[in-house]
Amino acid sequence: MKLINFQFRPTHSWTHLFILPFRKMIFFILFYTFHAENTTTTTMPTPIAYRRRTSAEFLDELLSSYDRFTHPNYYSKLPTNISINLFVNSIDSIESSTMDYKMNVFLRMKWIDRRLRFSQQDVPDPVLNVHPSMYEKLWVPDLIFSNEKVGNFHTLTTDNRLLKLSRNGEVYTSIRISLTLGCFMDFHLFPMDIQTCPIQMESFGYSMDTLQFNWQEKGAIQLNDNIVLPQFKIKGFKLEDCTKIYSSGKFTCKEGQFIMQRQLGYYFVQMYVPTVLVVWLSWISFWIDINAAPARTSLGVTTGEIELSFVSQNI
């Protein structure tokens with residue numbers, strides 16, 4: 001009797017039915033997973049955060065190595081030229097007794113400081129308006145008013161200062177100041193006199209080798225059209241050079257002279273007409289009886305006192 005061998009042998013049909021379908025399934029799952037990740041990365045990139053610098057950050061960086069104690073042309077050994085302009089906002093009073101006058105002005109200065117240059121990439125605007133607090137961090141000219149008696153700045157409701165920086169390093173400042181300035185007067189032709197009152201601006205510590213003031217080419221001095229004075233009329237102004245020479249050196253100085261003519265009509269109303277009336281009144285004593293001495297005396301004394309009071313009040 002022949003024995004039959006029942007040993008199990010896997011055939012190609014068994015592998016085809018069970019192994020291949022699972023292998024293809026795994027392949028397609030891996031392929032679509034990789035393709036989806038790749039497509040997401042390509043079509044939707046991760047955004048990059050970008051923020052433009054603020055003006056405060058830019059100024060902090062610009063002034064990080066800035067030395068405000070040296071003038072702009074310190075290393076080139078050339079003088080720094082300062083362009084000066086005055087806008088006279090008001091002239092409040094002209095006092096003959098103290099020989100001075102009061103005025104309110106906007107002092108405007110302009111110069112080049114190449115250490116403050118910037119590009120369009122730094123600031124898109126060609127001119128940058130800077131807060132007045134930055135004024136103390138920059139080099140500024142040491143301008144003083146030589147004939148000043150009293151002066152003060154204005155801080156109501158904010159510090160009355162303007163500061164601008166340009167791309168080429170130009171610095172522009174405007175400051176509102178109230179001043180009481182000395183004015184030596186000549187009264188030989190009073191009350192038909194013409195007085196010339198100056199305003200002198202010079203450097204306190206820098207000689208002409210370091211700093212030079214120059215009047216602005218156009219509109220060096222501008223007058224407010226609404227200025228009205230009770231006793232004087234402003235006829236115009238002149239621009240002069242008043243360079244000062246001291247033992248310590250030669251210092252730059254510029255002078256503006258305001259020409260003021262006294263208005264005669266004011267004194268006709270306030271002085272001449274009342275005086276003439278008082279004199280006519282005193283003549284009444286000539287028509288009083290010669291024996292009425294008390295009446296004649298009292299009238300003469302009274303008119304004399306009135307005349308003296310007019311003179312003392314108007315001179």
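I begin with the lining of the second largest pocket, whose residues divide into 11 nonpolar, two polar and two charged. Please bear in mind that this is a predicted model. The space in this second largest pocket comes to about 260 Å³. Its lining consists of 15 residues, and those closest to the centre of the pocket are Leu107, Leu143, Phe145, Phe153 and Ile177.

Which elements give two or more residues to this lining? They are strand 2, residues 100–112; strand 4, residues 143–145; strand 5, residues 148–153; and strand 7, residues 170–182. Strand 5 gives the most, with four residues.

Strand 4 leads us to the second topic. An open sheet of four strands runs in the order 4-8-14-11, and its pairing is antiparallel. Where in this sheet do strand 4 and strand 11 stand? Both are at the edges; strand 4 and strand 11, the latter spanning 232–241, each have a single partner strand, so one side of each is left without a neighbour in the sheet. On average, neighbouring strands of this sheet are turned by 20 degrees against each other, with direction ignored.

Strand 11 pairs with strand 14, residues 253–262, in the antiparallel sense, over nine bridges. As an example at residue level, Lys238 has Gln257 of strand 14 as its bridge partner.

Thank you for your attention.

Terms used
Residues are numbered from 1 along each chain as its sequence is written. This is a predicted model: local features need pLDDT of at least 70, side-chain atom pairs count only at pLDDT 80 or more; totals for chains, interfaces and linings use all residues. Side-chain values use heavy atoms; hydrogens and water are left out. On a 1 Å grid over the protein atoms alone, a cavity is a set of points where a 1.4 Å probe fits but cannot get out, and a pocket is an open set with protein on both sides within 12 Å along at least five of seven lines; lining residues have an atom within 4 Å of a point. Grid points are joined across faces, edges and corners, and a volume is the space filled by probe spheres set on the points. Ala, Val, Leu, Ile, Met, Phe, Trp, Tyr, Cys and Pro count as nonpolar, Asp, Glu, Lys and Arg as charged, and the others, Gly among them, as polar. Two strands pair if DSSP finds at least two bridges between them. Axes are lines fitted to C-alpha atoms, for helices over the stretch in contact, and angles run from 0 to 180 degrees between N-to-C directions.
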